[in-house]
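Colleague: I am new to this structure. Could you walk me through how to read it?
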Amino acid sequence: VCLVSYDFGSLKSINSWMKLATSELKDIKEASGGMLPEDRVARTMDLQEDIAAKMEILKVQAETEMELLPQGDKVPADAEGFKKELARITKYVTELAANTRIECDKYSNDVKYWAGYRTGIKEFTPWLVGAEKAAGEGLAKPADLAEVTVLNEKVLSFEKNCVNYLKVLVAAEAAANKMTTHTEADNEMTAL
């Protein structure tokens, strides 16, 4: 058995790294409410790159293990222990890769939803400011039937705009609610 010539350092290094990588993914999930969707995507993509590099090392480790260590039923205990450790680490990193990919996909969708939300709010807010100003100014008392007709058209137009902009606001809220975390959007919607 050639366990002496095997590179245990890489495997030990990956084993230590696994805890840090898991912590990083947990940190991204827990801090995501305070991060922009683009930042969440960037961090998960960086983690995916790290995981891919570790998977390449594990692939080489597995190939080396196949070449150096005995295979079959009668494997020495130290070699069997090493094989189990390699399998455990490979399984863990593979699952971490899958979980990170899922989170990255969620956050990638969040970028799209965030853009929809921001677009709606940017359209709604100036209208709301103008509508509040117009409502604060009140209406002039009409002097004749022609002024009543003009005033009625103005009120009906205002009402139509209110309904249309309510649709914009509801669409923005719907986009925000599709996001993985939408605390900032919820707070902004409450303020409006």
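Colleague: What does the secondary structure of the protein come to?

Modeller: This is a predicted model. The protein has five helices and zero strands. Read from the N terminus, the order is α-α-α-α-α.

Colleague: How do I read the overall shape? What do the principal axes of the C-alpha trace span?

Modeller: Compare the radius of gyration with that of a compact globule. For 192 residues, such a globule would have a value near 16 Å, but the protein has 30 Å. The C-alpha trace spans about 105 × 25 × 20 Å along its principal axes.

Colleague: What share of the residues is buried?

Modeller: Of the 192 residues, 28% count as buried. The exposed surface comes to about 12,000 Å², with carbon and sulfur atoms supplying 58% of it.

Colleague: Now the cores. Which residues have the most contacts inside the largest nonpolar core?

Modeller: The general idea comes first. Nonpolar side chains tend to be buried together in soluble globular proteins. Here the largest nonpolar core has 18 residues, and I14, W17, I51, L58, I89 and V93 have the most contacts inside it. At least two residues come from each of α1 (8–31), α2 (37–68) and α3 (77–137). The most come from α3, which gives seven.

Colleague: Take W17. What does W17 touch, leaving out residues up to four places away in sequence?

Modeller: W17 touches D50, I51, K54, V93 and L96. There is also a second, separate core of 15 residues, which includes W114, A131, L169 and M179.

Colleague: And charge? How many positive and negative side chains are there?

Modeller: The protein has 24 positive and 32 negative ones. The centres of the two sets lie 3 Å apart.

Technical notes. Residues numbered from 1 in each chain as written. Predicted model: local features only at pLDDT ≥ 70, side-chain atom pairs only at ≥ 80, totals over all residues. Heavy atoms only, no water. Helix = DSSP H or I, 4+ residues; strand = E, 2+ residues; numbered from the N terminus. Rg over C-alpha atoms; globule rule 2.2 N^0.38 Å. Buried < 20%, exposed > 50% of the residue type's maximum accessible area, 1.4 Å probe, protein only. Areas by Shrake-Rupley, 256 points an atom, 1.4 Å probe, with all protein chains shown as cover. Lys, Arg positive; Asp, Glu negative; His and termini not counted. Charge placed at Lys NZ, Arg CZ, Asp CG, Glu CD. Core = buried A, V, L, I, M, F, W, Y, C linked by side-chain atoms within 4.5 Å. Contact = heavy atoms within 4.5 Å.
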